[in-house]
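User: Hi! Could you walk me through this one?
Analyst: Happy to, ask away.
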Amino acid sequence: MEQGVLALSRAYGRLLRLLGMVAGLACLLTMFLVAINVIGRYLFNTPFNGAFVYTQSLLTVMIFFSIALTQHYRGHIKVVFVTRLMSPMWRRFTQTLMSALATILFVFASYATFLFAWESFEVREEIFDAVTYPIYPVKFVVFIGLVLLAVQFALDTVMDAFGIEDNGAKGGH
């Protein structure tokens, strides 16, 4: 069983790394948009229309396509002043419980976000700024990111419960 869970975790980690690269490209594109906007505004007095709206959307991609990857590497901040005083058995139990609760929380958050995104899609919600821009795809990005995080927490729950460690995922490589 341990090998199967590790194989699943590593395959899922590859998917998350791919999405992490998409998030990195979104960051790069954001930097270019901001630079083009600033250069256009101050040197040529013609800003890039829609740069602000596009960078907001790209920020959403950056965050929600990388948050599950950070959890995969166990890179989120943890407060350990209580758990470090626990025995290894209680620490493992607490970690399993927290991962299970996080799974439940993010399943509910995913569902609520899906409803929110679907409603936005049905009315074809748009932002009217310097450009007219559909907002519902961005809301689906949030939904996808939360689903990815819920799945990662579910994997963490199984791995924590059975004491399975993926040493390859610890270093973030």
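User: What do the buried residues of H4 pack against?
Analyst: They pack against H5, with contact meaning heavy atoms within 4.5 Å. A quick caveat: this is a predicted model, where local features need pLDDT of at least 70, side-chain atom pairs count only at pLDDT 80 or more, and totals for chains, interfaces and linings use all residues. Residues are numbered from 1 along each chain as its sequence is written, and side-chain values use heavy atoms, leaving out hydrogens and water.
User: Which residues of H4 are buried?
Analyst: Among them are Thr 94, Phe 106, Ala 117 and Ser 120. Buried means under 20% relative accessible area, exposed over 50%, partly exposed in between (1.4 Å probe, protein chains only). Helices (H or I, at least four residues) and strands (E, at least two) are DSSP runs, numbered from the N terminus.
User: And what follows H4?
Analyst: Arg 124, whose phi is positive, near 55°.
User: Switching to H2, how far does that helix reach?
Analyst: H2, residues 51–64, reaches 20 Å from its first C-alpha to its last, close to the expected 20 Å. The expected span is 1.5 Å times one less than the number of residues.
User: What do the buried residues of H2 pack against?
Analyst: Helices H1, H3 and H5, plus strands E1 and E2.
User: Is Asn 37 buried or exposed?
Analyst: Asn 37, which sits in helix H1, is buried, because its relative accessible area is 16%.
User: Which residues does Asn 37 touch?
Analyst: Not counting residues up to four places away in sequence, Asn 37 touches Pro 47, Phe 48 and Ala 51. Ala 51 is also one of the buried residues of H2.
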